[in-house]
Amino acid sequence: MTTPSAYDQLLDQLEKLPGIGRRSAERIAFHLLRQPADASVALARALEAFRTNLRVCGVCGHVTESDPCPICTDPQRDGTVVLVVEQPSDVFAIEQAGSYRGRYHVLMGRLAPMEAIGPGDLNIQPLLDRVRSRRGDEDGAVREVILGTNPTLEGDGTALYLAEALTELGVSVTRLARGMPTGSSLQGVSKAVLSDAVQARVRMDSHR
Ligand SMILES: [Zn+2]
């Protein structure tokens, strides 16, 4: 039996997305077929607008409509402190908590040896360059890097790797405090816990 080509085309595209296998792609396709045609059009338009209007900030790696992003260019923010997170959604979560006034660096993932995700696969070198060259912020050098990777095995491993690399560059390295339950994600905890975690961060550059 031959399948309609438009069906195959959609499945091919869906299957390229992370975490979507053939089964999930089929489920999404049939879900869309059961919805009014408008829903598919709205999805297609949202995808197009997303990709046309959003880009990655060349300084911090956050998603933005302008490059550099509004956080990197905001003169009210403290450019000497950089909070490193795994995903853009972590920036949204911390911004919602509202107590952090420094800048960010988004890794776009975490080190995961089991999945063969190494330092070269993440936005790590630009972070080291940003700290080393003292550029990226017009208002001066980066003095402190706060590691805000998730309190998971892989997030902790990523933090340890970064702490070592950053300490060598002579910058102060801290880690978000552990009010956060182990195994949780930054997006999953309350604003209050997130604020406390930023305020009560602990040093990781232990040699000082
Ligand atoms: Zn930025």
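**A first look at this predicted chain**

Asparagine 123 touches Gly61, Val106, Leu107 and Met108, leaving out residues up to four places away in sequence; touching here is contact, with C-beta atoms, placed from the backbone, within 7 Å. The model is predicted, so local features need pLDDT of at least 70 and side-chain atom pairs count only at pLDDT 80 or more, while totals for chains, interfaces and linings use all residues. Residues are numbered from 1 along each chain as its sequence is written.

**The chain as a whole**

- The chain holds 8 helices and 7 strands, which are DSSP runs numbered from the N terminus (helices H or I, at least four residues; strands E, at least two).
- Its C-alpha atoms fill a box of roughly 70 × 35 × 35 Å along the principal axes.
- Of the 208 residues, 26% are buried; buried means that 20 or more other C-beta atoms lie within 10 Å of a residue's own, exposed means 12 or fewer, and partly exposed is in between.
- Among contacts with a separation of 6 or more, 55% join residues 24 or more positions apart.

**Around asparagine 123**

- Asparagine 123 sits in the loop between β4 and α6.
- Asparagine 123 counts as partly exposed because it has 17 C-beta neighbours inside 10 Å.
- From asparagine 123 to alanine 25 is 98 residues in sequence and 29 Å in space, C-alpha to C-alpha.

**The largest nonpolar core**

- This core has 32 residues, and Cys60, Leu83, Val84, Val85, Tyr104, Val145 and Leu147 touch the most other members; a nonpolar core is a set of buried Ala, Val, Leu, Ile, Met, Phe, Trp, Tyr and Cys residues joined through C-beta atoms within 7 Å.
- At least two core residues come from each of β3 (78-85), α5 (88-97), β4 (102-106), α6 (125-132), β5 (144-147), α7 (153-167) and α8 (191-199).
- β3 gives the largest share, 4 residues.
- Beyond its neighbours within four places in sequence, valine 84 has contacts that include His105, Leu127, Val145 and Leu162.

**Where α1 meets α2**

- The axes of α1 (residues 5-15) and α2 (residues 22-34) come within 9 Å and cross at roughly 125°.
- That angle makes α1 oblique to α2, as angles under 35 degrees count as roughly parallel, over 145 as roughly antiparallel, 65 to 115 as roughly perpendicular and the rest as oblique.
- Tyr7, Leu10, Leu11, Leu14 and Glu15 of α1 meet Arg22, Ala25, Glu26, Ile28 and Ala29 of α2.

Technical notes. Two residues are in contact if their C-beta atoms, placed from the backbone, lie within 7 Å. Axes are lines fitted to C-alpha atoms, for helices over the stretch in contact, and angles run from 0 to 180 degrees between N-to-C directions.
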